[in-house]
Number of protein chains: 2
Amino acid sequence: MITTTGIDPETMRASATRTCGMLKTLSNPDRLLLLCQISQGERCVSDLEEALEIHQPTLSQQLGVLRDEGLVSTRRDGKRIFYSMASKEALAVMQVLFDQFCVAKPKRAKR
Amino acid sequence: MITTTGIDPETMRASATRTCGMLKTLSNPDRLLLLCQISQGERCVSDLEEALEIHQPTLSQQLGVLRDEGLVSTRRDGKRIFYSMASKEALAVMQVLFDQFCVAKPKRAKR
DNA sequence: GTTTCATTATATCTTTTTATATTATATTGA
DNA sequence: TCAATATAATATAAAAAGATATAATGAAAC
């Protein structure tokens with residue numbers, strides 16, 4: 001259970017601001033899709049381009065945002081650059097997002 | 001483990017867009033703090049104002065956003081209006097955010 | 001019962017910031 | 001020189017934040 005009672009307001013606000021930074025970075029469909037792919041395992045840019053149908057400059061720009069925020073890291077192999085997750089926080093969030101929004105839940109009346 | 005392999009691109013993008021809607025709503029320090037409080041249990045506006053030191057019009061405006069997005073619901077008791085969580089998705093996300101960003105983790109070198 | 005107070009919500013601006021897409025060009029490695 | 005990726009430079013739109021004022025509702029005093 002979440003329990004913040006007793007934590008001082010400044011600390012709370014500082015945590016909220018840090019957390020918001022990450023959430024803003026996730027709040028874009030392209031970036032979310034990119035992270036969804038990358039969180040399954042290393043991906044190079046052309047893989048991502050093909051899987052997601054995002055065209056190259058946009059892709060590169062959004063990957064740049066993810067890099068700047070420290071959510072992903074890169075490894076070069078010849079011409080290609082491979083991306084992988086660099087933030088355990090982001091990985092944890094992606095996991096819960098996937099569970100909540102992507103795992104089909106049959107809707108039925110209470111009984 | 002997250003595994004989206006094989007899900008068709010349109011479905012993926014639709015899920016991403018829905019998910020982004022919620023993430024955008026969370027991507028504001030005031031709203032995040034509000035949800036943090038409310039996710040611990042019902043709170044009336046004046047409780048929130050006191051706990052978070054957000055002044056009234058801002059508070060009311062941000063609570064309005066949370067209502068519009070279906071993240072919280074309200075109950076009136078006399079002059080006061082009580083807020084509580086209305087979205088299990090949001091609750092799940094708040095939980096993981098709390099675990100990742102608010103639970104202190106001592107940083108130490110690997111050994 | 002109507003005036004008044006407390007609580008909460010809305011409306012309206014203003015300013016600033018941020019987002020997104022596009023096109024072109026640069027860098028790096030084979 | 002080609003293929004893969006990144007950066008730059010815009011243009012345009014969007015929206016977010018903060019302030020101020022005012023409205024609506026319920027309770028209570030008188």
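1. In this predicted model, 37 residues of chain B are in contact with 37 residues of chain A; two residues count as in contact if their C-beta atoms, placed from the backbone, lie within 7 Å. On chain B, the elements that each supply at least two residues to the side touching chain A are α1 (9–26), α2 (29–38) and α5 (88–102). Helices here are DSSP runs of H or I with at least four residues, strands are runs of E with at least two, and both are numbered from the N terminus. The largest share of that side, 12 residues, comes from α1(B). By class, the side of chain B that touches chain A divides into 20 nonpolar, 12 polar and 5 charged residues. Ala, Val, Leu, Ile, Met, Phe, Trp, Tyr, Cys and Pro are counted as nonpolar, Asp, Glu, Lys and Arg as charged, and the others, Gly among them, as polar.

2. On numbering and confidence: residues are numbered from 1 along each chain as its sequence is written, while chains are lettered from A and ligands numbered from 1 in the order in which they are written. As the model is predicted, local features need pLDDT of at least 70 and side-chain atom pairs count only at pLDDT 80 or more, whereas totals for chains, interfaces and linings use all residues.

3. Two copies of a chain are related by a rotation about an axis and a shift along it. Here, chain B is superposed on chain A by a rotation of 180° with 0.0 Å of shift along the axis, at an RMSD of 0.1 Å. That is the relation of a two-fold axis. The same surface serves both copies, since 100% of the contact residues of chain B recur in chain A. The superposition is by least squares on the C-alpha atoms of residues with pLDDT of at least 70 in both copies.

4. Chain A has 5 helices and 3 strands, in the order α-α-β-α-α-β-β-α along the sequence. Of its 111 residues, 30% count as buried. A residue is buried if 20 or more other C-beta atoms lie within 10 Å of its own, exposed if 12 or fewer, and partly exposed in between, with C-beta atoms placed from the backbone. Among the contacts in chain A with a separation of 6 or more, 53% join residues 24 or more positions apart.

5. Helix α2(A) is largely enclosed by the rest of the structure, because 9 of its 10 residues are buried. They are Pro29(A), Arg31(A), Leu32(A), Leu33(A), Leu34(A), Leu35(A), Cys36(A), Gln37(A) and Ile38(A).

6. Helix α5 of chain A (residues 88–101) has 14 residues and reaches 20 Å from its first C-alpha to its last, close to the 20 Å expected at 1.5 Å a residue; the expected span is 1.5 Å times one less than the number of residues. Its buried residues are Ala90(A), Val93(A), Met94(A), Leu97(A) and Gln100(A). Seen down the axis of α5(A), these fall within an arc of 135°, so they line one face of the helix; the arc is that of the directions from the helix axis to the C-beta atoms. They pack against α1, α2 and β3 of chain A and against α1 and α5 of chain B.

7. In α1(B), the buried residues are Ser15(B), Ala16(B), Thr19(B), Cys20(B), Met22(B), Leu23(B), Thr25(B) and Leu26(B). Their cover includes α1, α2 and α5 of chain A together with α2, α4 and α5 of chain B.

8. Arg43(B), in strand β1 (residues 43–44) of chain B, is buried, with 20 other C-beta atoms within 10 Å. Not counting residues up to four places away in sequence, Arg43(B) touches Gln37(B), Ile38(B), Leu48(B), Phe82(B) and Tyr83(B).

9. DNA strand D is surrounded by 18 residues, the closest being Val45(A), Ser46(A), Ser60(A), Pro57(B) and Gly78(B). A residue is near a strand if its C-beta atom, placed from the backbone, lies within 6 Å of it. The elements giving two or more residues to this surface are α3 (45–52), α4 (56–68) and β3 (80–85) of chain A. The largest share, 6 residues, is from α4(A).

10. Around DNA strand C there are 19 residues, of which Pro57(A), Gly78(A), Val45(B), Ser46(B) and Arg80(B) come nearest. The surface near DNA strand C receives the most from α4(B), with 6 residues, and has 6 nonpolar, 9 polar and 4 charged residues.
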